[in-house]
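Work through the following exercises with the sequence and the model at hand. Each task is followed by a solution in steps.

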Amino acid sequence: MTEEERRDLCTILPEEILISFILPYLTIPDITTCKLVSRRWLNLIRRYYRSMKDLDLSPWDFMITEDYLVNIVKYAKSLRRIVLTKCWRACSDTSLYLIANTCKQLQVINMSHCGSVTDSAVGELAKNCKDLREIDLSSCYKITDLAMCSLADDAKKLQELYVSSVYGVTDYGISQISFKGLNIEVLDISYCFRVSNKGLVGMLKRDEKTKSLKSLRIKGCYKVT
């Protein structure tokens, strides 16, 4: 064994040990740096990405770009939860379409404060991620009722919906959620100024039968009485 091989953990420890017990303790930026060590490490990191169930990039929102996210997601097919809070540079249609078509087992995605998120990207997630149970679109200012309709049509397992401060959401979008039969447990429409009693009445009447609603946040909705 050469001196270089002695220094390379990949030649000392089984890859299963590295993937299961060492890499999970590193931050995502550190893991990304490890890819530069050698081709062996590059392949190891890609194997690690394939095993990941949870990806939270919010602590490094200032450095996460579209390419950064794409280079992780294209290997991470087993992801169940993705948190991209304030990662607005990464949340492009390109990266979100890739998530929708790669992470078919996705259950939770948080894209709050990402102004680049569009209705079409949400529609793609709703159509392809059939296990989607929670989506956070708070302060995503490009979102409108079109995204709500896509979720109502395709995200049949959705339980938690957060659209706080999304001014493009109106009574129509909220009414579609209940009209299409979604059993929402948590709904946050705080500061959605265009939502009124009319938009909520259908959901509340449906909840009289389903008893699914556990939390309704309407702070700042001055049209709701």
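**Exercise 1: A glycine in a helix**

Task: Is Gly 202 buried, partly exposed or exposed?

Solution. Step 1: Gly 202 has a relative accessibility of 32%, so Gly 202 counts as partly exposed. The classes are set as follows: buried means under 20% relative accessible area, exposed means over 50%, and partly exposed lies in between, with a 1.4 Å probe and protein chains only.

Step 1: Gly 202 sits in helix α11. Helices (H or I, at least four residues) and strands (E, at least two) are DSSP runs, numbered from the N terminus.

Step 2: Lys 53 is 149 residues from Gly 202 along the chain, and their C-alpha atoms are separated by 36 Å.

A note on the basis of these values: the model is predicted, so local features need pLDDT of at least 70 and side-chain atom pairs count only at pLDDT 80 or more, while totals for chains, interfaces and linings use all residues. Residues are numbered from 1 along each chain as its sequence is written, and side-chain values use heavy atoms, with hydrogens and water left out.

**Exercise 2: The whole chain**

Task: How many helices and strands does the protein have, and what part of the residues is buried?

Solution. Step 1: There are eleven helices and seven strands.

Step 1: Of the 225 residues in the protein, 50% are buried.

Step 2: Taken along the principal axes, the C-alpha atoms fill a box of roughly 75 × 30 × 25 Å.

**Exercise 3: The sheet**

Task: In what order do the seven strands lie in the sheet, and which strands stand at the edges?

Solution. Step 1: The strands form an open sheet in the order β1-β2-β3-β4-β5-β6-β7, with parallel pairing. Two strands pair if DSSP finds at least two bridges between them.

Step 1: The edges are β1 (54-56) and β7 (215-217); each has a single partner strand, so one side of each is left without a neighbour in the sheet.

Step 2: On average, neighbouring strands of this sheet are turned by 5 degrees against each other, direction ignored. Here axes are lines fitted to C-alpha atoms, for helices over the stretch in contact, and angles run from 0 to 180 degrees between N-to-C directions.

Step 3: Asn 110 stands opposite Asp 136 in β4.

**Exercise 4: The cavity**

Task: Which residues line the largest cavity, and which helix gives the largest share of the lining?

Solution. Step 1: The structure holds one cavity of 30 Å³ or more. On a 1 Å grid over the protein atoms alone, a cavity is a set of points where a 1.4 Å probe fits but cannot get out, and lining residues have an atom within 4 Å of a point.

Step 1: The largest cavity has about 50 Å³ of space. Grid points are joined across faces, edges and corners, and a volume is the space filled by probe spheres set on the points.

Step 2: The lining consists of Ser 178, Leu 182, Asn 183, Ile 184, Met 203, Arg 206, Asp 207, Thr 210 and Ser 212. Helix α11 (residues 197-210) gives the largest share, four residues.

Step 3: By type, the lining has three nonpolar, four polar and two charged residues. Ala, Val, Leu, Ile, Met, Phe, Trp, Tyr, Cys and Pro count as nonpolar, Asp, Glu, Lys and Arg as charged, and the others, Gly among them, as polar.

Methods: 1 Å grid on protein atoms, 1.4 Å probe; cavity = no way out; pocket = protein on both sides within 12 Å on 5 of 7 lines; lining within 4 Å.
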